[in-house]
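Here are my notes on the model, point by point. Have the structure open while you read.

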Amino acid sequence: MQPEISAFELAEAIEHQKIKLVYQPLVNIHEENAIVGFEALVRLESAQGNPITADTIVNLCEEYQLITQLTRCVISQGLTGFLQLLPRFPNAYLAINLSA
């Protein structure tokens, strides 16, 4: 099966920040569902508008030797976005899953 995105398209998406992050709240169910942190989740759409799963993005980045660029992109965007959340959630933490 051919990937939905080429190495060139994936490199362009990383370079031009078309890789987006969404922040999934992490809650403590023992403290009235208080938000204690956020997990940064990678999102990308193909040229046809179809979502490309995070595991596919990571696997293709590893295959195309783009994993370092993806990691830098995600950390940069993740921290920037998290800083915007901190005023509302000053004690929250950010979780970013990285590929080895």
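**Notes on the fold and a few residues**

1. Let's start with S46, which sits in the loop between β2 and β3 (51-52). At 6% relative accessibility, S46 counts as buried (buried is under 20% relative accessible area, exposed over 50%, partly exposed in between, with a 1.4 Å probe and protein chains only). Setting aside neighbours within four places in sequence, S46 is in contact with E4 and I52, contact being heavy atoms within 4.5 Å.

2. Before going further, some ground rules. This is a predicted model, where local features need pLDDT of at least 70 and side-chain atom pairs count only at pLDDT 80 or more, while totals for chains, interfaces and linings use all residues. Residues are numbered from 1 along each chain as its sequence is written, and side-chain values use heavy atoms, with hydrogens and water left out.

3. On the overall layout: the protein has 3 helices and 4 strands, in the order α-β-β-β-α-α-β from the N terminus. Helices (H or I, at least four residues) and strands (E, at least two) are DSSP runs, numbered from the N terminus. The C-alpha atoms fill a box of roughly 45 × 25 × 25 Å along the principal axes.

4. Of the 100 residues, 30% count as buried. Taking contacts between residues at least 6 apart in sequence, 54% join residues at least 24 apart. The protein exposes about 6,800 Å², with carbon and sulfur atoms supplying 53% of that (Shrake-Rupley areas, 1.4 Å probe; for residues, only the protein chains shown count as cover).

5. How many aromatic pairs does a search of the whole structure find? It finds 1. The ring centres of F38 and F89 are 5.2 Å apart and the planes are at 70°, so the pair is edge-to-face. The cut-offs, for rings of Phe, Tyr and Trp (its six-membered ring): centres within 6.5 Å, with planes under 30 degrees apart stacked, over 60 edge-to-face and the rest tilted.

6. F38 counts as buried at 4% relative accessibility, and F89 counts as buried at 16%.

7. Finally, I29, in the loop between β1 (20-28) and β2, is exposed, with a relative accessible area of 62%.
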